[in-house]
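User: I am new to this structure. Please walk me through a few of its features.

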Amino acid sequence: MKQAIKHSLVASVASALVLSGSVAMSAGMDVPMIKVTPVLEGLDKPWDMNVRADGTMFYTEKCKGLSMRSPDGKVTNLYGMKGSSGYSSSGADLFCEGQAGMMGVAADRNFDQNRRLYVASTSNKYHGSGCKTNFERCDGNIVMRLTLSEDLKSVTDRTDIVTDIQYKPFESNQPFGGPGAHNGGRLRVGPGGYLWIAGGDRHRGLCPQSPKLLCGKVLRVDTNGNAHPDNNPPAGFDKRIYTYGHRNVQGIDFRPSDGKAFTAEHGPWHSDEITALVNGGNAGWDPQEMTAGRGACPDKYCGYEPDQMDGKDPAVRASYMPMSDTRFADLMPPTWNNNGWSQGTSSAAFLKGDNWGIYEGRLATGVLGIGFGGTPIGQRIDMVGITPDGLGINAITRMPLGFSKRFRGLVMAPDNSLYVAVDEGEIYRVTATSMQ
Amino acid sequence: MIKYLGPFALILTAGLSNSVSAGDAVAGDTRYHQSCHACHGPAGKGVSSYPKISGNSIEYTREKLMTYRSGQKIGPNSGLMIMMAKPLSDEEIENLAAYLKDAKYKK
């Protein structure tokens, strides 16, 4: 059973101390003291969090459901999935499979008044006549709006505000070929209180460039699920689409200085990327077969080609199946590329507050660690400095945590600490203290 | 499990049991961290969509790894496992099986 951890763990801050003792201090740089405190352990695939000003934390577990940790450490299981137990209520339509399940969680910007939460999950409620094969429409991902009860013990008034994000129902002939693949799932409330929903291509070649299917897209909608009136996708596209041409976005946040949205997404054996989003822009992922010089591909999906099951130079792969294809005139070029590698970038959050010293404003980017074909595993959180135009980086520093795990979920708390969920089953709180 | 493997794997397994001594769990721990840890997590506990692989009998783990090494598909992530198992020697498979049998996650 999960429980609050009372002890505190001071992370390795060796790199910061070295800097602060020599170059950094002499130059007047404020390298902060970084400390890591376990918040919860023994969780089952924790995926995302939202933290309130009083320290209350809402969090999802991919195959169990939505829970709340109160400031005193007490955990209340609010809304479960099919087969889970111990929750105040549950949705029999909610299920997990492979990479899919209950994923993103966000709070309404007026949460203190309306107690509304938004949760992304896989659901079989809207399959309709679809989902019979991998080559047809399968609406299996939804976004729910829930209201936390006044006694803080349950949620009510479930309203499914988005019901037609596609899901992969069956295994296919790909390296990570199980059902539920490339399911995206991060959810954030952005400027103006609008909801941003990050999706994946669900291993279907035509998804990312499709004008109507919501797979491989980033959506911007209001709290009823309607399109933001200023969304500007190409003619004929679903108006809920903010950007398209994505592979699998699990990280999205907004730069504090200007509100600009940035995503982090996994690459295919190569090219993890951070991207500055442009309203209506194309991230340039197009894994369709018989396209851009490619021939037929396994199960009509070229995403891991060429020679998808064998080790190959990432640069060769990138030239054959680019993550950001420059043949698109509306391409959003990547802000950052992971040295050509795919190590599994996941969540991302801008570091807010001057307590972060020289790292304030950098994009903390979690890397899960995937080491195939000679690629270093690379589990870490990078703190990435992004240029004002959003088209490049000007600094990158590994966060000195003292451990490496599968960093799945990152989110800032109102007190300017960073909360971090790892696949191993823990949630940590990372604090930074200015040394000036 | 046997239904997935077929007689070919059984012959391989029988041959192996006559030619390879008991695995070295310490060496298996080292090898696990080189190739398996990033996906299956610490001590084979299973993370994300990657299954728990600790706590199984030595025979079970050996047969699975040999099946993957032979290139035979037995599940949706077989492509990955075939790739990872290809370079393993008989000795490394024995060591991994010995390590995973009793591996336990300590945070």
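This is a predicted model: local features need pLDDT of at least 70, side-chain atom pairs count only at pLDDT 80 or more; totals for chains, interfaces and linings use all residues.

User: Which residues of α4(B) are buried?

Analyst: A residue is buried if 20 or more other C-beta atoms lie within 10 Å of its own, exposed if 12 or fewer, and partly exposed in between, with C-beta atoms placed from the backbone. By that rule, the buried residues of α4(B) are B:T61, B:R62, B:E63, B:K64, B:L65, B:M66, B:T67 and B:Y68.

User: Which residue just after α4(B) takes a positive phi?

Analyst: The angle is about 90°. The residue is B:G71.

User: Is B:M84 buried, partly exposed or exposed?

Analyst: B:M84 lies in helix α5 of chain B, residues 78–85. Its C-beta has 18 neighbours inside 10 Å, so B:M84 counts as partly exposed.

User: What is the strand order in the open sheet of chain A?

Analyst: Two strands pair if DSSP finds at least two bridges between them. The sheet has five strands, with mixed pairing. Its edge strands, β3 (46–51) and β7 (89–90), each pair on one side only. The order is β3-β4-β5-β6-β7.

User: Which residue in β5(A) stands opposite A:F58?

Analyst: Strand β4 (residues 57–61) and strand β5 (residues 65–69) of chain A run antiparallel, joined by five bridges. Opposite A:F58 stands A:M68.

User: Which residues cover the two faces of strand β14 of chain A?

Analyst: In a regular strand the side chains alternate between the two faces of the sheet. Strand β14 spans residues 218–221, and its four listed residues are all buried. On one side are A:V218 and A:R220; on the other are A:L219 and A:V221.

User: What is the bridge partner of A:L219 in β15(A)?

Analyst: β14(A) is joined by four bridges to strand β13 (residues 195–198), where A:I197 stands opposite A:L219. Two bridges join β14(A) to strand β15 (residues 241–243), and these strands run antiparallel. There, the partner of A:L219 is A:I241.

User: Where is A:H182, and is it buried or exposed?

Analyst: Most residues other than glycine have a negative phi, and most peptide bonds are trans. Phi of A:H182 is positive, near 50°. A:H182 sits in the loop between β11 (155–166) and β12 (187–189) of chain A. With 34 C-beta neighbours inside 10 Å, A:H182 counts as buried.

User: Is A:D307 buried or exposed?

Analyst: A:D307 is in the loop between β18 and α4 of chain A. Its phi is positive, near 50°. Because A:D307 has 12 C-beta neighbours inside 10 Å, it counts as exposed.

User: Which residues does the cis peptide bond join?

Analyst: Omega is about 0°. A:P306 lies in the loop between β18 (273–276) and α4 (314–320) of chain A. The bond joins A:E305 and A:P306.

Definitions and conventions
Residues are numbered from 1 along each chain as its sequence is written. Chains are lettered from A and ligands numbered from 1 in the order in which they are written.
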